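Subject: Structure for your files

Hello,

The structure is below, followed by notes on what was found in it. Please read the notes with the coordinates open.

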Amino acid sequence: MSATLVTNIGELTTLDPDARVLAGAAVVLDRGRIAWIGHPRQAPATDTVYDAGGRAALPGWVDSHTHLMFAGDRAAEFEARMAGQDYAAGGISVTMEATRAATDYELTRLLMGRVAEANAGGTTYLETKTGYGLDVTEETRHARIASTIVDQVTYLGAHLVPPGADGEEYTDLVCGDMLSAVRPYVKWADVFCERGAFTEEQSRRVLTACRDAGLGLRVHGNQLGPGPGVRLAVEFGAASVDHVNYLDDADVAALAGSWSGWDAETGTGEAGTVATCLPACDLSTRQPLADGRRLLDAGVQIALASNCNPGTSYTSSMAFCVSTAVLQMRLSLTEALRAATMGGALALGVQDQVGSIEVGKRADLQLLNAPSSAHLAYRPGMPLTGAVWRAGERVDRIAVGSAPLA
């Protein structure tokens, strides 16, 4: 791997603890890492030079919540929801049937296409979940395939009780044979603690079993109404609780308390439970947008993620999430950018590796076809990604269109 100098950067937003914005900067990418940052005239010699032409640069997006391992389509459900039908978790079973019917080759092709689309939009670090298999064989198959393609895999056998199954018996399966089978392929476990999905007691059983198996924890919580998800996440020391649309004062206080050992100015200390906001999903389900402003003001670290899935958020555009956060969630541009980079890295426990442009970190970098990152919100919906490096390699030039259908 040759060293590359990316020079003549009009505005470099580092999103390191100091949140530096450097004008007329350059960055050296060497052996997959960021090797140097500074003024172009002082740059060391490299094998190749890329002239940014005055464009803005920032870290690659870190998307900490996706459901990319699926087949099929739920456009009819989306259309019905836009006509006034309420979202219910049961739609997951439709995707379950289509995904179970897909071959390994088809699922691999679909996942690779979606990852390529995300890369082309500036995303350089991706998590994805199982959860559309919902039996031992399928959950294991999906975890195995995903583990060869994305950066991190989360076990979400507790996504929905399959049609016709008994909730208690299925929870036993999630905590037992299914967990044992998927364990070699996953780093995290998640549970959908929500009406129509898993009760507080069932969620507690899942979190306990997965913690005892050595997995990190996450929770889908407080999406469709007030509930115990946030409190469970904090109690179990989960890395994140995701959705967080309905929060009371006790929920916010619990999340803020989990960050008491974190120094926000230096980005060091004991990380608490990240509140992951999923604005594209909120728009699609017509739920109130997660109150990221309230959470930040309380001292909670937040992340923005795409929640890319076929039912409620069929987009991997982190730029769309950032523009929505600025325009509708009342986040500042810097807050939204940080949530979509370092926030996601914190939620995945990799803040020392990705999420900011710092010497020694993985060389994940994106250039915008714009002079400043403000254009992400100033020109919402425009295709502004110009070039993307992941671990020092260009990844935006892969030919992609819409991910192929299974």
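**Confidence and conventions**

The mean pLDDT of the protein chain is 95, and 97% of its residues reach 70 or more; pLDDT is the predictor's confidence in each residue, from 0 to 100. This is a predicted model, so local features need pLDDT of at least 70 and side-chain atom pairs count only at pLDDT 80 or more, while totals for chains, interfaces and linings use all residues. Residues are numbered from 1 along each chain as its sequence is written, and side-chain values use heavy atoms, with hydrogens and water left out.

Over residues 399–406 pLDDT stays under 50, and the model has 16 contacts beyond four places in sequence for them (contact means heavy atoms within 4.5 Å). Where pLDDT is low, the predicted coordinates should not be read in detail.

**Domains**

The protein chain is divided into domain 1 (2–58 + 355–393) and domain 2 (60–346), with bounds that come from an automatic or database domain assignment. Their C-alpha centres lie 29 Å apart. Across the boundary, 22 residues of domain 1 are in contact with 24 residues of domain 2.

**The annotated site**

UniProt, in an unreviewed entry, places the feature "binding site" at His65, His67, His220 and Asn307. These four positions are spread over 243 residues of sequence but cluster in space, with a largest C-alpha distance of 12.4 Å. His65, His67, His220 and Asn307 are also in the lining of the largest cavity. A cavity here is a set of points, on a 1 Å grid over the protein atoms alone, where a 1.4 Å probe fits but cannot get out; lining residues have an atom within 4 Å of a point. The UniProt positions are given in the numbering used here, feature names are shortened, and annotations may be inferred rather than shown by experiment.

Histidine 65 is in the loop between strand S6 (61–63) and helix H1 (75–82); helices (H or I, at least four residues) and strands (E, at least two) are DSSP runs, numbered from the N terminus. Histidine 65 counts as buried because its relative accessibility is 0% (buried means under 20% relative accessible area, exposed over 50%, partly exposed in between, with a 1.4 Å probe and protein chains only). Beyond four places in sequence, its contacts include Glu127, Lys129, Asp242 and Asn307. Its side chain joins that of histidine 67 in a polar contact of 3.1 Å, and that of histidine 220 in one of 3.4 Å. A polar contact is a pair of N or O atoms within 3.5 Å; within protein, one must be able to donate a hydrogen and the other to accept it, and residues adjacent in sequence count only if both atoms are side-chain atoms.

Histidine 220 belongs to strand S10 (residues 216–221) and is buried, at 3% relative accessibility. Among the residues it touches beyond four places in sequence are His65, His67, Asp190, Cys193 and His243.

Asparagine 307 lies in the loop between strand S15 (302–304) and helix H12 (318–328). With a relative accessible area of 2%, asparagine 307 is buried. It touches Asp63, His65, His67 and Cys281, among others, again not counting residues up to four places away.

**Alanine 374**

Alanine 374 sits in the loop between strand S16 (365–368) and helix H14 (375–378). Its relative accessible area of 35% makes it partly exposed. Alanine 325 is 49 residues from alanine 374 in sequence and 13 Å from it in space, C-alpha to C-alpha.

Regards

Terms used: On a 1 Å grid over the protein atoms alone, a cavity is a set of points where a 1.4 Å probe fits but cannot get out, and a pocket is an open set with protein on both sides within 12 Å along at least five of seven lines; lining residues have an atom within 4 Å of a point.
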